[in-house]
Amino acid sequence: PSSSLYGSEAMGGVINIITKQKINNKSISFNYRNSSYSYALNPIDINSGNKNIQSLIKLPYNNLKTKIGINFDYNNTDKQVESLDIDDILKGTFDIDLTWKDNFNINLQLYGHQENGNSQLMNNNTIINRNAFSINHKFSNSQNWELFQNIIFQNYSREYIQTWYNGTIESENLTEDKSIQYDIQLLKYLSENELNIGAEISQALYKSDRISNKKQLMNINSFFIQYDIRSIMDTQTIMGIRIDNYSNLNPVISPRIGIMYPFKERWKLRTT
C-alpha cells in the first residue's frame with residue numbers, strides 16, 4: 001500500500017515464509033521475512049529490502065540432545081526513502097547446544113555484526129564479533145552430594161574505522177576482551193539444611209585505547225562457603241563468607257548472615 005509518510009510513489013511490501021516439520025521428536029523450523037518500502041520487493045536479491053532468517057533444528061538421539069539455532073538479519077538502507085536515514089546493518093547468530101544425559105553440556109555461540117554508514121564526506125564502518133564456548137558438568141550421588149562445574153571461554157572485539165570520502169582514515173579504534181572462567185560448586189543436603197562450597201577462577205585480558213598501556217590483564221580468584229539452615233523456629237537462616245582476590249587490588253572479604261521468615265505463606269495458610 002502507498003503511504004503519504006514516504007511520498008505518494010513509495011510502496012511497501014512484506015514476504016513471510018514459515019515452515020515447520022516434526023518427525024519422531026526431531027523438529028526443523030524455518031522462518032523467512034523480507035520487507036521493504038522501495039518500489040520493488042525481490043526476496044532473492046540481498047540488496048532489496050530488509051531480511052530476517054531464523055532456523056531451529058532439534059535432533060535427539062538416544063541420550064544425546066542436539067539443538068542448532070541460526071538467526072540472520074540484514075537491514076538495508078532504502079536510498080529511495082529519504083526519511084529513513086540509517087546505516088546498513090548485517091548481523092547473525094549461530095548457536096549449537098549438545099547435552100548428554102542432562103549431566104554434560106557443550107554450548108557454542110557465535111555472533112557477528114557489521115554496520116556501514118556512508119555520506120558524501122565521511123564513511124563509518126563498525127565490525128563486532130562476540131564468541132562464547134562453555135562446558136558444563138553436573139554430578140550427584142545417593143549420599144545427597146551434588147557437584148557442578150563450568151568452564152567458559154569468551155572473546156569480544158569491536159573495530160571502528162572512520163574514513164573521509166577520499167579514503168584517508170580519520171580515526172580507528174579497536175577494543176578486545178578475552179576471558180576464561182572456571183567455576184566449581186559442591187552441595188551437601190543435610191535433612192532440610194544445605195551446605196554450599198564453591199570457588200571461581202578467572203582471567204581477563206582487555207585491550208583498548210582508553211586503558212593505560214592499551215591493555216590490562218586481570219586475575220580473579222574467589223572462594224565461598226554458605227550454610228542454609230531451614231529448621232530454626234520455622235525460619236530460614238543463612239550464614240556464609242566469600243573471599244575475592246584480585247590481581248591488582250587487595251583481597252575483599254564479605255561475610256554474610258541473614259534470617260528470613262515466610263510471612264506470606266503463613267498468612268495464606270491462616271486465611272484458607
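## Strand pairing, loop geometry and a surface patch

Gln-54 stands opposite Asn-71 in strand E4. The model is predicted, so local features require pLDDT of at least 70 and side-chain atom pairs count only at pLDDT 80 or more, while totals for chains, interfaces and linings use all residues. Residues are numbered from 1 along each chain as its sequence is written, and side-chain values use heavy atoms, with hydrogens and water left out.

**Strand pairing**

- Strand E3 (residues 50-61) and strand E4 (residues 64-75) pair in the antiparallel sense over 11 bridges; strands pair if DSSP finds at least two bridges between them.
- Strands (E, at least two residues) and helices (H or I, at least four) are DSSP runs, numbered from the N terminus.
- E4 also pairs with E5 in the antiparallel sense, over 12 bridges.
- Tyr-74 stands opposite Leu-90 in E5.

**Positive phi values**

- Most residues other than glycine have a negative phi.
- In the hairpin of E3 and E4, which has two residues between the strands, Asn-62 takes a positive phi near 55°.
- Lys-101 lies in the loop between strand E5 (88-100) and strand E6 (104-118) and has a positive phi of about 55°, although it is not a glycine.
- Lys-101 counts as partly exposed because its relative accessibility is 46%, where buried means under 20% relative accessible area, exposed over 50%, and partly exposed in between (1.4 Å probe, protein chains only).
- Asp-102 lies in the loop between E5 and E6; this residue, not a glycine, has a positive phi of about 60°.

**Nonpolar surface patch**

- Phe-223, Ile-225, Ile-241, Ile-243 and Ile-253 form a nonpolar patch on the surface, with about 400 Å² of accessible area together.
- The elements giving two or more residues to the nonpolar patch are strand E11 (215-232) and strand E12 (235-246).
- Patches are made of residues with over 30% relative accessible area and no salt bridge, with nonpolar side chains (Val, Leu, Ile, Met, Phe, Trp, Tyr) joined within 5 Å and like charges within 9 Å.
- A salt bridge is a side-chain nitrogen of Lys or Arg within 4 Å of a carboxyl oxygen of Asp or Glu.
- Accessible areas come from the Shrake-Rupley method with a 1.4 Å probe, and for residues only the protein chains shown count as cover.
- Ile-243 has its place in strand E12 and is partly exposed, with a relative accessible area of 34%.

**Charge over a ring**

- The charged end of Arg-130 sits over the ring of Tyr-111, 4.5 Å from its centre; this requires NZ of Lys or CZ of Arg within 6 Å of the ring centre and within 35 degrees of the ring normal.
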